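Open the structure in your viewer and keep the selection tool at hand. Each stop below says what to select and what is there.

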Amino acid sequence: MPPKAKAGSGKKPAAAPFGASKSTKAKKNPLFESQPKNFGIGQDIRPTTDLTRFVKWPEYVRLQRQKVILHQRLKVPPAIAQFSHTLDKNTATQLFKLLNKYRPESKQEKKARLLAAAAATAEDKEKDAKKPLFAKYGLNHIVALIEAKKAALVVIAHDVDPIELVVFLPALCRKMGVPYVIVKGKARLGTVVHKKTSAVLAIQEVKSEDQRDSLPSSAPPRPTSLTSTMSNVVNGVEVSVATSLPRCFASAPRPLARPFLPPLASFKSLPHFRVGHLASKDH
């Protein structure tokens, strides 16, 4: 047996081995005790987090997002860039109010009209042979109307895909002297003609009560041709092409013309102007 320590010698006995005695700590009792969660299998549910960057999106979603980024970062040709300059909201609202007056008849309305016409024919009554005024739709049909100069106004959607379907229409309208306007939403145009979408609409004539209405002229100029005068600037000279329009379109904003740049000599009078090897000490 190991010798016992003598009383008053100042030596302490050896400590107990590790784990033999448990230290008892005073348990705190706060107002809110911590209750850690266990996110193991079958345990607590993980909190919801934004996993957007980890989702494998469908291909069509990836393509349309990449297309938007490319349009922002690449130099877009003017023929395509013009479709990003649409009619302002107030003028577009008035335009669609006018278009809704010329909605094509639905199947039920057409059936009722034909039944009334058949009943009038059976009773030998004089029937009204006047052709109703409706908005025209269909790309091939409207191109034919523009080429025949029968369209009074052409409304083009800005989000047609592929854009090649309508990219030539503004140039064709300018060449034939037909006013056109680019608005937002092929689906919005589709609601006018009872379709899901419509790339382009056209109006041939308007009723006499609509001749008094006019689109607001206070809107800022945009690169659209909803006007009775289409203008262009060539070497500083404004060239106008008059078109025949109903009065309701006559006071709309004029199209945005190309800016006129003065000749190179006027720039040389500015300080610190140099043009390659043509610059001299006098400049």
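**Before you start.** This is a predicted model, where local features need pLDDT of at least 70 and side-chain atom pairs count only at pLDDT 80 or more, while totals for chains, interfaces and linings use all residues. Residues are numbered from 1 along each chain as its sequence is written, and side-chain values use heavy atoms, leaving out hydrogens and water.

**Stop 1: the sheet.** Select the strands. Helices (H or I, at least four residues) and strands (E, at least two) are DSSP runs, numbered from the N terminus. Four of them form an open sheet of 4 strands, in the order β1-β4-β2-β3, with mixed pairing. Two strands pair if DSSP finds at least two bridges between them. β1 (136-137) and β3 are the edge strands, each pairing on one side only.

Stop 2: V154 has A202 as its bridge partner in β4, and I156 stands opposite V200.

Stop 3: Select α5 (residues 139-147) and α6 (residues 169-176). Their axes, lines fitted to C-alpha atoms over the stretch in contact, come within 9 Å and cross at roughly 25°. Angles run from 0 to 180 degrees between N-to-C directions. The two helices are therefore roughly parallel (under 35 degrees). Show the side chains of L139, V143, I146 and E147 in α5, and of L169, L172, C173 and M176 in α6: these make the contact (heavy atoms within 4.5 Å).

**Stop 4: E205.** Which loop holds E205? The one between β4 (200-203) and β5 (229-234). At 52% relative accessibility, E205 counts as exposed (over 50%). E205 touches Y102 and L133, not counting residues up to four places away in sequence. Finally, pick K150: its C-alpha atom is 8.9 Å from that of E205, though the two are 55 residues apart along the chain.

Definitions and conventions
Angles under 35 degrees count as roughly parallel, over 145 as roughly antiparallel, 65 to 115 as roughly perpendicular and the rest as oblique. Buried means under 20% relative accessible area, exposed over 50%, partly exposed in between (1.4 Å probe, protein chains only).
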